[in-house]
Amino acid sequence: MARATNLLVIALIVFPSMVLATEYVVGDDEGWNSGVDYYAWLDGKTFYVGDVLVFNYNAGDHNVIVVDANGYDQCSASPNWGSYDSGNDVITLSSTGDNYYICQWHCDYTDQKLKVTVLQN
């Protein structure tokens with residue numbers, strides 16, 4: 001029993017971001033879809049390294065492209081740092097700074113994009 005308790009304490013010290021991580025469903029009940037106000041969704045949220053973003057949408061209708069600031073501003077999917085299209089994409093925020101996500105098909109037309117600023121725990 002003492003060994004299990006010691007391991008738990010060590011895990012809490014060594015892996016605090018994993019223990020304290022929060023899972024965010026992007027857009028809440030509306031998901032990752034056209035017409036959702038992601039600026040309003042971000043309001044009041046603070047993201048930390050280790051937190052998780054879940055993008056829920058109908059596969060084939062949308063996708064999630066990880067882009068840089070220029071890709072976000074210009075709604076350009078190229079170059080990118082990852083492309084997701086499962087309809088239930090899970091992305092762990094692994095470093096501090098700004099993270100940018102767009103739907104390559106709806107970024108221009110319905111502003112379907114998300115900028116998340118990640119802080120250190």
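A residue is called buried when its relative accessible area is under 20%, exposed when it is over 50%, and partly exposed in between, with a 1.4 Å probe and protein chains only. The structure is a predicted model, in which local features need pLDDT of at least 70 and side-chain atom pairs count only at pLDDT 80 or more, while totals for chains, interfaces and linings use all residues. Residues are numbered from 1 along each chain as its sequence is written, and side-chain values use heavy atoms, with hydrogens and water left out.

The chain holds 5 helices and 8 strands; helices (H or I, at least four residues) and strands (E, at least two) are DSSP runs, numbered from the N terminus. Their order from the N terminus is α-α-β-α-β-β-β-α-β-β-β-α-β. Of the 121 residues in the chain, 36% are buried. Among contacts (heavy atoms within 4.5 Å) with a separation of 6 or more, 67% join residues 24 or more positions apart. The chain exposes about 7,100 Å², of which carbon and sulfur atoms supply 51%; accessible areas come from the Shrake-Rupley method with a 1.4 Å probe, and for residues only the protein chains shown count as cover.

Side chains of opposite charge can pair when their charged atoms come close. A salt bridge is defined as a side-chain nitrogen of Lys or Arg within 4 Å of a carboxyl oxygen of Asp or Glu, and the count by this rule is 2. Another salt bridge is formed by the side chains of Lys113 and Asp111, at 3.9 Å from N to O. Here Lys113 is buried, with a relative accessible area of 10%, whereas Asp111 is partly exposed at 30%.

Asp28, Asp29, Glu30 and Asp37 form a negative surface patch. Patch residues have over 30% relative accessible area and no salt bridge, and like charges are joined within 9 Å; Asp and Glu count as negative, and the place of a charge is taken as CG of Asp or CD of Glu. Glu30 is located in the loop between strand 1 (23-25) and helix 3 (38-42). Glu30 counts as exposed because its relative accessibility is 51%.

Conventions: Patches are made of residues with over 30% relative accessible area and no salt bridge: like charges are joined within 9 Å, nonpolar side chains (Val, Leu, Ile, Met, Phe, Trp, Tyr) within 5 Å.
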